[in-house]
Amino acid sequence: MNVPRPGRRTTPAAVLAAGLATCLLAAAATGCGTSGGGSAGRTVSPSAASPSSEGSRVVAFEDTYVYDDGLRVKVSKPKPFRPSGTAVGHKAENSPVTFTVTLTNGTGQPFEVTGVLVNVKAGDSGARVDQIFDSARGVGNPLTGSLAPDESSKAVFAVDVPTADVGKIDVEVRPDFGVRYTTVHWIGSAR
């Protein structure tokens, strides 16, 4: 890595190249951003995300999608979930999974999280799945309120997925009902 030395001028390109090399080495060591790797994920800009047929963007679980204005959204990899006896929305023949949606407000302005929509589909057919509400396990509470600049908010969701469909989960997030922000899909397996 090029480390600036006194009396030596470092160009922005050299700093960028050194930073990129460091990121690639870290990714190789940890498996970040690879299909078989760790859970740290990547930071993805709108231009780097894959477009879907309807114009939304597609990223992998654990990736953080950063909108042009600085709003950051991350969806964790779904994992198996065992609902409590008081949970609502679970059928015994299904395989429930849980995931976390994290919003970080880098816009410089307050951001209203009440308008964030989260929809989940599963399987090759893309069938919608039911949300599980389980206050005993702390899942199913929506994102609420307003985020000040540089603040983050998390919400844990659980959904009831047909067992045959846990290999393909699609978590769709619309930050403002899809009015100003592009819809993003986090797609992957819950296995």
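Predicted model: local features only at pLDDT ≥ 70, side-chain atom pairs only at ≥ 80, totals over all residues.
The side chain of D170 is joined to the side chain of H185 by a polar contact of 2.8 Å. When residues up to four places away in sequence are set aside, D170 touches N119, V120 and K121, together with H185, W186 and I187.

Strand β3 (residues 57-59) runs parallel to strand β15 (residues 184-188), and 3 bridges join the two. Within this pairing, V58 has H185 in β15 as its bridge partner; H185 is also the residue whose side chain makes the polar contact with D170. Strand β14 (residues 169-174), by contrast, pairs with β15 in the antiparallel sense, over 5 bridges. Here V171 stands opposite W186 of β15, and W186 is likewise among the residues touched by D170.

Aromatic side chains were considered next. A pair of aromatic rings is described by the distance of the centres and the angle of the planes. Across the whole structure, a search finds 4 aromatic pairs. One of them is formed by Y67 and Y181, whose rings are 4.9 Å apart from centre to centre, with 75° between the planes, an edge-to-face arrangement. This pair links distant parts of the chain, the two residues being 114 residues apart. Y67 is found in the loop between β4 (64-66) and β5 (72-75), whereas Y181 is found in the loop between β14 and β15. Both Y67 and Y181 are buried.

A further pair is made by F99 and F157, with ring centres 5.6 Å apart and planes at 15°, so the arrangement is stacked. This pair, too, links distant parts of the chain: F99 lies in strand β7 (residues 94-104) and F157 in strand β13 (residues 152-162), at a separation of 58 residues. F99 is buried, with a relative accessible area of 2%, and F157 is buried as well, with a value of 8%. Ring pairs also connect Y65, Y67, F111 and Y181 into a cluster.

Leaving out residues up to four places away in sequence, the contacts of R137 are with F81, R82, P83 and S84. Towards R82 in particular, the side chain of R137 reaches the backbone oxygen at 2.8 Å. R137 and A87 are 50 residues apart in sequence, and their C-alpha atoms are 8.5 Å apart in space.

Terms used. Residues numbered from 1 in each chain as written. Heavy atoms only, no water. Contact = heavy atoms within 4.5 Å. Polar contact = N/O pair within 3.5 Å; in protein donor to acceptor, adjacent residues only side chain to side chain. Pairing = 2+ DSSP bridges. Helix = DSSP H or I, 4+ residues; strand = E, 2+ residues; numbered from the N terminus. Phe/Tyr/Trp six-rings, centres within 6.5 Å; stacked < 30°, edge-to-face > 60°. Buried < 20%, exposed > 50% of the residue type's maximum accessible area, 1.4 Å probe, protein only.
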